[in-house]
Every structure is written in C-alpha cells, then in structure tokens.
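Good morning, and thank you for making time for this presentation. I shall go through the structure on the screen, chain by chain, and then turn to what the chains share.

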Amino acid sequence: MTTAPTAGRTTRAGAVGTAHTRVEGRDKVTGAARYAADLPFADLAHGHLVLSTVARGRIRSVRTADVLDMPGVLTVLHHGNAPRLDTDYVGMLGVPPDPTAAVFQHDRIPHAGWPVALVVAETPEQAREAAEALVVTYERQPHDTAFHAGRPDAYPADGHMPAVTEKGDLEAELAACAHVVDEEYTTPEEHHAMMEPHAATARWDGGRLEVVDSNQGTTWVADDLVRMFSLEPSAVRVRSEHVGGGFGSKGLRAHQVSAVMAATALRRPVRVVLTRRQMFSLTGYRSPTAQRVRLGADADGRLRALEHRSLNQTSTVWEFVEPGAGPARVMYDADAHRTANEVVRLDVPSPTWMRAPGEAPGSFALEAALDELAERCGVDPIELRLRNEPGRGPVSGLPFAGHNLAACFREGARRFGWADRDPRPGVRREGRLLLGTGTAAASFPAGAMPSTAAVTAQADGTFTVRIAAADIGTGARTALTLVAADALRVAPERVRVRIGDSDFGPAMIAGGSAGTRSWSWAVTAAAEELRDRLVPGAAVPPEGITVRSDTTAAIGALTPKERHSFGAQFAEVAVDVTTGEVRVRRMLGVFAAGRIVNPLTARSQLVGGMTWGISMALHEEAVRDRASGGLYGADLAGYHVATHADVPAIEADWVDDPDPDDPVGVKGLGEVGIVGAAAAVANAVWHATGVRHRSLPIRPDRVLRAGGPRV
Amino acid sequence: MREFAYRRADDVPGAVALLGGDPDARYLGGGTNLVDLMKTGVERPARLVDVRRLPLDRIEPTDDGGLRIGATATNSDLAAHPEVRRRYPALAQAVLAGASGQLRNMATVGGNLLQRTRCGYFTDVTAPCNKRAPGSGCPAVSGEHRNHAVLGASDHCVAVHPSDMGVALAAFDAVVSYETADGPGELPLDGLYLPVGDTPHRETALPAGALVTGVTLPPAPVAARSRYRKVRERASYAFAIGSVAAALDVSNGVVREARLAFGAVASRPWRARTAERVLTGAPAAEEYFAAAADAELAAARPLPDNGYKVTLMRNLVVAVLSELAEEAAR
C-alpha cells in the first residue's frame, strides 16, 4: 500500500505502488498471445530479403529470371522496379529516416548487409530458398570499416544535444591540479539482440494500408509510412499488440517498407520476417566508442577540471550520435568543463538508439575514471562522488527537479556492506580467485512527451483505456491499468487497457525511459475528466461515455529543469587470473526513479538493465571483419549475451523519489538500470586484481594478457 | 533451405544401404549441428538418413572393465550414466560442460564426434573458407582468430574442433567403431581426425558412407581420478577457448601414469602425449606440471591474437594436475 504523493490531490490508497502480475501474463505463458509473425491472414505471401555481400560498391545486375521460375515465387523487388519513396522529411522523433529502411531506391551499396532485393513467394521456405539462389552482381569498391580513436575524419556532431559544451580554461586547471586522470576507454559494437525478430505483415483493406508489426510505437511507424509512401495519415493503420523486446531497435525498418511495397505490387497480404543474421545489419546497433576522459582534482578530490570526449561510428547514409559525453553534463561540475561528441562515417550499417544511448558507454568511461581518481586521491569512491555533487546542472545551470543520488549511495552502501571495504586492490584471495568490489553512479533523463489517450466508461461499470502505447516486455500495459484505476478510483479489474494501435491517436513511443510517464499523464488526464463527468447514480448510455486527452499543452508548460533518475550500482567479482575468467558474484542497485507504479515489473526492469550491464562489462561484442567489412559470427552463438549462469543474485531497490511536477509522480526507469553497471563491474575487477581494464568487454584473453598478482 | 528427402533407418545395415555412399546424403543424429548448418546453407544435402532411432543407444561395461557407448546414446544419458561417472568422471564433466540441457537431450555421441567447427568464416557462406569451399582461402589467418588453433594448424586452416566430449575420449584412448557396406571397421580416436595440411575439407579417416556405430573405452583405472576443466567467454552455453581433460595416478609423490588432452587448441581433440611422457615418473609437483605443459606447447604456433591460449593452457594444466595431485594426497 502506498499513498499518492502528488501535492494538491487527495491522499488515498490505490493500485499504483502495489505489485501486480502482468495483465497479459497468462496469455504469454500459455502461448495465447499472438506476436506479429503468428497472426494468420488469408492469402498471405511471404517475402525474404536479400542483403549485399560487399561492403561498398554498386549493384551491376539482379538476375531475377531464374528465381522467378522457382516454385512458388511471385515477384522480386529491387532498385530497378521498386516504387520511389520520399525520405526528405523529419520524423516524429525529430530526425530524418535512416535510408536503410527506405529500400531499393538506388544501386549504391553503403555497407555489408544492405538490402538489395525482396523475393516474395507463397511460403516462407520458398521465399528463402529463392532469395538465397538470387544472383546479384556488384561493382566492388574499397571499403573502410576501421573504427579507432584519432581518426582524422572524425567531426563533432549534435544528435539530440549540442556536440560540444565548454567553460573555463581546461589546460590551465589541469596543470594546477594535485591529481590528474587522463585515460582512454573503449566499448565495442553492441547489438540489441531482443528475443523476437522484427516481423511485419502489410495488406490493403478497403483503401487503407494495415501493417501488423512488432514495434515500439505504432503511431511512430505509421507516421514514417505515411510520409515515405506519400499517403493520407488516415489511410495507414499500424498495430503491434505484443512485442518480444525492442531496446531501441524497433522503429521503421526494411521489413515493414518492403512488405508494404510487395503488398501493394501483389494486391495481397505480404509478411516479411528478418532472420537473426539479417538483424545484425538492418536493425541498428550501439556504435563502438573511443572515449577520452581527463579529470583534475585538488588534494581532497574536488574536481577542478573535467573533459569527456566520445567518438562513435556511423554509416555513410545516416548520422547517428552515441552521445557518450552526455552524462558528464549532468553528473559532475568543474571550473573547467568540456564535453564533446564526435562521429566518423564508415562503410558500416547505421547504428541507432540502444538501451541508454550515450549513458551506457559514457557512464562506463566516466565512472571508471572517477574510480581511478578516487584511487589517486586516496578518497573513498562514494565519498568522492558525494563531494562532487553539483547544485545545478553543470552545463545548463538549471535547478534539478530532484537529485537523490546521495540517498541511493547511502542506502546502497549500507546494504552492500561498503563500510567494511578495504580499498587496497589485489589483496583478497579465495583459493585461486581474487575478489573485489566496485561502485558507480547512474543517471538517465526523466522526460515526458505529448500523448493522447481516450478513456471510456461502459454501461456495465467497466472502463476501457485506448492509447497507442507499446508494451515491449516492460509491463506498460499493466502499469497503465493501475494508473487508470487510481485516476478513476476503481479496482484495476474493472479497467481494460488497449494499446499498440495507431488508430488510438498520437502517443509517445516505448523509448527514452519516457513511455510510462508520458502515457500515464495522458491516461490520468482523460480518466480524471471522465470521473468528473460521471454523475453518481446515473446510468451510462449503451455507447458509453468517452473522454479524450492531449497532454501537449501541459507538458509544454513544464518549467525547464534538470530532470533525471539516479542510481548507485554495486558489484562484487571473482577473478581467476590464471584463466582470465571474471564472474560477478552479487550486484546491488539502488535507484531514485520517481514514483514506482508497479514494484514487480519495475524491479524486473532494473534487474534487466543491471544484467545487461554485466553482459556489457564481460561478454557483448560484435566483431567486424576488416577484410569483408561484415560481422564475424553474426548470430547468437557468436554474439555472447550473459547466460543465467553469468547472472548472480541481483538486488534492485529504490528510494522514495516522487516527481512533484508529474501528475502520477513518475520519472522512468527503463534505462537507468544499465547505466553505471559495467563501470561498477570494471571497478570491482580493478579492486580484485589491481589492473585497470579500460576496454570492454573484459574477456579472459584480456585478463590473461594483463596479468595480475600471483595467487 | 532447399528441399531434401528424408528417410528413417530401422537398422544399421539399412542405414548404410539407404545412404548408399551418396556424397549428397548425410546421416542425421540429433541434428543439433547439421540442421543449423542446413539453415545457413553451409550444408545442402539432397537426402537425410535419420539414424537416431537405431538400436545403438546402449552404454554398457565391457568384460575387460572398459565401456562401450552406442553412437546414438544422447549426451544427457552419457553424462548421467553411473559407470561413466564412476570410471571416467572427466567424460561426464566434459559432456555437461557443453551446450545446454535441451541440446544434450538431442545430441548423440556419434554426432558429437563429427560436428563441424564453429569458426565464423566456416559458418558464413558469404566468406571464403578452405574447409567449406576448398581453395577459396582462409580469412582467419589474417582476420579474426582469437579462438583459433595454436597446435597442428596450417596456413590453409586454423579452425578448432568444438567438442568437449571428444577431449575426454581422446585422453582415455577411445576407439571409434563404424559400419560400411563392406563391413565394420575401427579407428582409434587419435586417428579419426586427419591432419589439416592443405586439405582442411577432409576431416576424418572414415571411409565414404561409413556410419559411426559406437565408441569403446578400454579399461583405464587412472581415469577414476580425472577432471575436465573448460574455460569459455561466458559461464555457460559457449564453446571452449581452452580446455583440459586430465587423469593422474600418483604414488608416493611420484606420477605413475598421466593422461592429458587439450580442447579448443587444434582441429581435433589434442592428446598431449609429449606432456604425458614428461609427467610419467616425475614428482607430482607444480614445477613438473608446468614443465610438462611447456614441453607440449613448445610446438604451438600462435597467431597475433591467440597467443594467450598458450598461457591459458599452461595455467590450466598446472591448475588441474595440482588439484588431482592434492586429491590423491588426501
């Protein structure tokens, strides 16, 4: 039981804050829940994409004749016969579309695994067989996929934030500092690797285009399709009922666009499902980063100089910035403060948003550097961070809407037993193992984006909420059920939440850790107005009473502030320096992430993020083969994510942290769980071995090469 | 995936006859490797002969104190068998170190020995690979080879054999039985795999169309004190980057008999006979274990990015032999 903290509202017991299992949980575990590639359609045809085998060049020919004679083959779409698309627009998230999704528009090949054709057949097997048989010839050109620090062709790029911020005289401050850290950190190419592959079915029905898809925002994808195919907004409907993970990758991709092209050409429903291997080049990824952090502090650890530069790669067709220097603009202030995000364009697939874009790799470098500074200053790593808490946004100068990092560290340190920690590295032994503990701070922006919702009171006393939200496995559908129930002051059992349908009107995507907050705001606004309209004792008419909301004005009226979730990460590791194996023994994360709507799924989200942090620290790495320009081992046997055996007891909890400016008090916690987690593990590896690992993942061969104290 | 014909065999002669020496036909065991390779186009058989229901799933002691393992026994059954766990504990440990529970329930002993390398160039049909497409080249030598061979490889191929089970079988002198249209035959496991040389596409010495029917382990009292230790890049569900199967018989502080085999360092399970010779008669002490490892690894020819394997194998040999020696001393 909890109380609604929002000022000016009636304090009462409610559903928000109490643990509820997923409302669709039974459907999911019994197989009743249908995912995008499961739904049956009459007369369905199947498309299979053909991807380029060269990393740069031009298509010379697509030899369709032989393939068109193969059993069941209906058509082959390619740059020579595909309809022209409009890509000259800025989409819902404020960026132009990634041309990788706008398939078959020209003969140029900008990277290995670029879509060159779609083979459509009566069955998926026939389509795949024919796609693999299709001969495409290329004019091959030299490619460059070599990502590394110091590329002369790197340039500062804005993305969603200014490329460069700076104040003060960095070199002068550094020269005057008692302690200086100046190190380079790298993170590798990482992939979303969600369970459910991208899949879409497109069909024309009574003059409307309907796309059944697996995505993170139906109005987002619908908006892109409307613009790309120059259709009336009312002529496109996108549905996405259940989604087996997204992590930033499930927006408009080649599968929806090619399915729409084929459905239009064949005048029948067409489904395109990506293979796991295709996902590695068509659906985005987290760019590798090369980061340099320079910290200067006075004798007691107070920062006087901070510089964080982060370089990432992007494709030659789309600019994506992985803003690793972003966290430093929020976390730490210094008299001289400089941050810069740079990109280099290579012959590689386009990267994209992946869980905590910027914060995940950026926090690794920054929080590892803080740990190194703590070592040099002889100050406890937590104390160092507390001494450097900024009173206002270090770059923006804005006040924080809540800054509960210290509370997270205090509670975390108490539970983890931090006070008993011996700071010396390389001195705890257990048989052949060296043991160590580490900590790191986490933050992630807490935003809200305009959304619309409709809430209907039905004559039978139940309520239906309609909102184009997406539940990508997070528990959003359940969270919104609880939020609506509280706003309506009814039990959650009387509320049905319908999501994943662009016909419900514009809404925020499941992304930016802003889904639940943005949708809850819209649902609360509509539900409260509906409650006011319902006359006690009066019958609801058969057609029900519906109230719609639009939060655009309310969100636009928010006072500018630094709004963030925070967290403190703790890890204990055991390292066998004779084999190089690193195993995490326990992890604890304590977060300040706004009011918690559903503790059950909130904990699951945070633990999921921390688990990914282990995976990022120790396992995940996509390896690009320089000779071919493609990935080496692009499957889930070659791309290692943490297994159950790699994941120890992970504890995630939170401190009281309601956002006073939000109607429900929500901030958002989809991403903050991964932030700082890899740094906490890496810092623990140093504490265990005395060796700093500044390149992720911390593989056995790296540990072996680095050596360490003999056990 | 192209269409293929499928037949299930009822008995061993029937299976061999169904295959008929057809180079485009394959025996299908648990399918945990072959079916994956068919999906990716590495294997494109016209016909499959399913041998999984052949009456070859028995695991039974031999009269002389050894063990006979049928080729269609599953990995799960092999690892759980009490005589395996008692007489050859390293074998049970090796099997359990591989794959996942679901895969081990499907995978067969015969299929395990004949599984293909997981080299990422071999499994990617768009890449050159001398093993998959003879003469096309080996990109691993100058490309990605962090988990490739340091022993017994050539410029033509540096892929490693992925089996864990095979490493333990190699240490215990396993003999592989097979059936052909011309009658049965046998090969010691050591002789099953051909040297890489300039023909990495020729992997085994089995006659064309031969069906592996079983594996026999001769009696090996030394194996009762044995261990399999696998190092991989995550704690489970990954192939080894280095592994050791070891058995040790120590009397009065002196090694009377040692068995040692390495995994993930060569195109086959690598029986470390040079190290065994150094160990035999030597004091059961860490420096001698290290010397034995060094003697074996003197033949290592690491590439720029896999030299760590030499250090890893040396450390593993010392660690595992030390543990076995400590056990013996207790």
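Let me begin with burial in chain B: 55% of its 330 residues count as buried. Please bear in mind throughout that this is a predicted model.

Chain B is built from twelve helices and twelve strands. Its radius of gyration is 19 Å, close to the 20 Å that the globule rule gives for 330 residues, so chain B is as compact as a globular protein of that length. Taken along the principal axes, the C-alpha atoms of chain B fill a box of roughly 60 × 50 × 35 Å. Of the contacts in chain B with a separation of 6 or more, 64% are between residues 24 or more positions apart.

The domain assignment of chain B gives domain 1, residues 5-50, and domain 2, residues 228-329. The centres of these two domains of chain B, taken over C-alpha atoms, are separated by 36 Å.

On one side of the pairing, strand β10 of chain B, residues 240-251, runs antiparallel to β11(B) over nine bridges. In that pairing, B:Ala247 stands opposite B:Arg259 of β11(B). The hairpin of β10(B) and β11(B) has two residues between the strands, and B:Asn252 takes a positive phi near 50° there.

β11(B) also pairs with strand β12 of chain B, residues 270-271, again in the antiparallel sense, through two bridges. Here B:Ala261 has B:Arg271 of β12(B) as its bridge partner. Six residues lie between the strands in the hairpin of β11(B) and β12(B), where B:Ala264 has a positive phi near 65°.

I now turn to chain A. Its secondary structure comes to 17 helices and 27 strands. A compact globule of 711 residues would have a radius of gyration near 27 Å, and the 26 Å of chain A agrees with this. The C-alpha trace of chain A spans about 75 × 75 × 50 Å along its principal axes. Buried residues account for 60% of the 711 residues of chain A. Among contacts in chain A between residues at least 6 apart in sequence, 82% join residues at least 24 apart.

For chain A the domain assignment gives domain 1 (45-142 + 195-245 + 250-282), domain 2 (155-190 + 286-446 + 561-706) and domain 3 (449-556). The centres of domain 1 and domain 2 of chain A, over C-alpha atoms, are 36 Å apart. Their contact takes 13 residues from domain 1 of chain A and 16 residues from domain 2 of chain A. On the domain 1 side of this contact there are five nonpolar, four polar and four charged residues.

A:His111 lies in the loop between β4 (108-109) and β5 (115-121) of chain A. Why does this loop residue, A:His111, count as buried? A:His111 has 24 C-beta neighbours inside 10 Å, and the cut-off for a buried residue is 20 or more. Beyond its neighbours within four places in sequence, A:His111 is in contact with A:Ala55, A:Ser281, A:Ser315, A:Asp347, A:Val348, A:Pro349 and A:Gly629. The C-alpha atoms of A:His111 and A:Asp144 are separated by 9.6 Å, with the two residues 33 apart along the chain.

In soluble globular proteins, nonpolar side chains tend to be buried together. The largest nonpolar core has 316 residues, and those touching the most other members are A:Val119, A:Ile467, A:Ala484, A:Val523, A:Val681, B:Ala168 and B:Val317. Helix α12 of chain B, residues 308-329, gives the largest share of this core, twelve residues. Apart from neighbours within four places in sequence, B:Ala168 is in contact with B:Tyr88, B:Ala90, B:Leu91, B:Ala94, B:Tyr228 and B:Ala245. A second, separate core of ten residues includes A:Leu311, A:Phe320, A:Val343 and A:Val344.

Finally, the interface. How many residues of each chain take part in the contact between chain A and chain B? There are 32 residues of chain A in contact with 25 residues of chain B. On the chain A side, α3 (124-133), β24 (581-592) and α17 (700-706) each supply at least two residues. By class, this side of chain A has eight nonpolar, eleven polar and 13 charged residues.

Conventions: Residues numbered from 1 in each chain as written. Chains lettered and ligands numbered in written order. Predicted model: local features only at pLDDT ≥ 70, side-chain atom pairs only at ≥ 80, totals over all residues. Contact = placed C-beta atoms within 7 Å. Helix = DSSP H or I, 4+ residues; strand = E, 2+ residues; numbered from the N terminus. Nonpolar A, V, L, I, M, F, W, Y, C, P; charged D, E, K, R; others polar. Core = buried A, V, L, I, M, F, W, Y, C linked by C-beta atoms within 7 Å. Buried ≥ 20, exposed ≤ 12 C-beta atoms within 10 Å, placed from the backbone. Rg over C-alpha atoms; globule rule 2.2 N^0.38 Å. Domains from an automatic or database assignment. Pairing = 2+ DSSP bridges.
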